[in-house]
Amino acid sequence: MRIVFLGPPGAGKGTQAEALSKAKRLPHISSGNLLREVVESATTTGVKVREYIDKGLLVPDQIVVDIIRERILKNDCKNGFILDGFPRTLSQAKVLDETLKKIESRIDVVFYFSVSKESIVQRLSGRRICNSCGANYHIEYVPSSKDGVCDKCGGKLYQRTDDKLETVVERIKVYHEQTEDLVDYYKKNGILKEIESESKIETITKNILDTIKKASQKPGFINHGVV
Ligand SMILES: [Zn+2]
């Protein structure tokens with residue numbers, strides 16, 4: 001089963017992708033995490049990618065496409081994958097389809113997470129990360145017991161550059177401008193499923209699993225061993 005998670009940053013895609021990844025034993029490929037790995041590698045590509053991320057801008061298609069293509073052609077993606085944060089543009093979606101066609105495959109379901117701008121801002125701008133162990137906190141939903149200090153290791157908590165309020169607002173605007181065509185494209189292909197992401201986490205997970213079950217029963221579905 002090849003799945004795409006679409007939706008603005010902060011819509012809860014990551015949490016759902018993790019749950020689905022466990023339930024269906026499919027690799028969760030987050031383009032954000034992949035890009036961060038590249039940035040940490042401090043290669044020429046890494047330095048370039050960092051400049052875009054720090055400004056809250058999207059990393060250019062060609063760079064992202066190459067990184068993702070390499071990843072989904074790896075062996076652990078043979079039975080499928082969950083793409084989270086990619087594609088972001090229509091041209092990326094087309095390159096993805098072409099790549100999959102070459103291995104006689106295709107995207108089976110696209111989940112589109114809709115969420116209000118206000119709640120995204122609230123979710124993202126409150127996120128804090130421990131600079132020592134990487135634990136995640138949220139100043140409202142998952143606060144540490146002592147302000148700015150990690151409960152697990154006593155490390156200092158920081159805010160990612162791209163989670164700052166101004167950057168978040170810019171990211172959401174850019175996201176909607178870039179994805180309108182993309183949503184239409186998948187809708188026309190008949191594989192788009194909208195997810196109301198303000199519902200409870202468990203309700204959303206169940207909804208996603210039900211949809212996947214139905215999709216796998218559709219005529220023409222290629223069963224690669226995992227559904
Ligand atoms: Zn820590």
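You're looking at a predicted model, where local features need pLDDT of at least 70, side-chain atom pairs count only at pLDDT 80 or more, and totals for chains, interfaces and linings use all residues. Residues are numbered from 1 along each chain as its sequence is written, and side-chain values use heavy atoms, with hydrogens and water left out. A zinc ion sits among C130, C133, C150 and C153, and the structure also holds 1 cavity of 30 Å³ or more.

**The zinc site**

- The zinc ion is held by the SG atoms of C130, C133, C150 and C153, at 2.3 Å. Donors here are N, O and S atoms within 2.8 Å of the metal (3.2 Å for Na, K and Ca); water is not among the atoms, so sites may look incomplete.
- The geometry comes out as tetrahedral, with angles of 102 to 116° among the 4 donor atoms. Four donors get that label if all angles lie between 85 and 135 degrees; four count as square planar and six as octahedral if opposite donors are over 155 degrees apart and all others between 65 and 115, and anything else is irregular.
- For reference, the ideal angle for four tetrahedral donors is 109.5 degrees.
- Along the chain, the donor residues follow the spacing C-x2-C-x16-C-x2-C.
- C150 is buried, at a relative accessible area of 4%, while C153 is partly exposed, at 39%. Buried means under 20% relative accessible area, exposed over 50%, and partly exposed in between (1.4 Å probe, protein chains only).

**The cavity**

- About 40 Å³ of space lies in the largest cavity. On a 1 Å grid over the protein atoms alone, a cavity is a set of points where a 1.4 Å probe fits but cannot get out, and lining residues have an atom within 4 Å of a point. Grid points are joined across faces, edges and corners, and the volume is the space filled by probe spheres set on the points.
- Its lining is made up of V65, I68, R69, I72, F86, V95, L96 and T99. Two elements give two or more residues to that lining: α4 (61–72) and α5 (90–102). Helices (H or I, at least four residues) and strands (E, at least two) are DSSP runs, numbered from the N terminus.
- α4 gives the most to the lining, with 4 residues.
- By class, the lining has 6 nonpolar, 1 polar and 1 charged residues. Ala, Val, Leu, Ile, Met, Phe, Trp, Tyr, Cys and Pro count as nonpolar, Asp, Glu, Lys and Arg as charged, and the others, Gly among them, as polar.

- Most residues other than glycine have a negative phi, and most peptide bonds are trans.
- F86 and P87 are joined by a cis peptide bond, with omega at about -5°. P87 lies in the loop between β3 (81–84) and α5.
- R25 has a positive phi, near 50°. R25 is in the loop between α1 (13–24) and β2 (28–30), and is exposed at 76% relative accessibility.
- E104 has a positive phi too, near 55°. E104 sits in the loop between α5 and β4 (109–114), and is exposed at 68%.

**Buried residues and their contacts**

- F81 is part of strand β3 and is buried, at 1% relative accessibility. Leaving out residues up to four places away in sequence, F81 touches M1, R2, I3, L26, P27, I29, I72, L100 and I107. Contact means heavy atoms within 4.5 Å.
- R71 belongs to helix α4 and is buried, at 17%. Beyond its neighbours within four places in sequence, R71 is in contact with P27, I29, L34, D76 and C77.
- L35 is in helix α2 (residues 31–40) and is buried, at 11%. Setting aside residues up to four places away, L35 touches V49, I53, V59 and I67.

**Sequence versus space**

- E177, in helix α7 (residues 165–188), is exposed at 55% relative accessibility. E177 and T89 are 88 residues apart in sequence and 9.4 Å apart in space, C-alpha to C-alpha.
- F81 and R106 are 25 residues apart in sequence, with 11 Å between their C-alpha atoms.
- L35 and G7 are 28 residues apart along the chain, and their C-alpha atoms are separated by 18 Å.

Note on methods
On a 1 Å grid over the protein atoms alone, a cavity is a set of points where a 1.4 Å probe fits but cannot get out, and a pocket is an open set with protein on both sides within 12 Å along at least five of seven lines; lining residues have an atom within 4 Å of a point.
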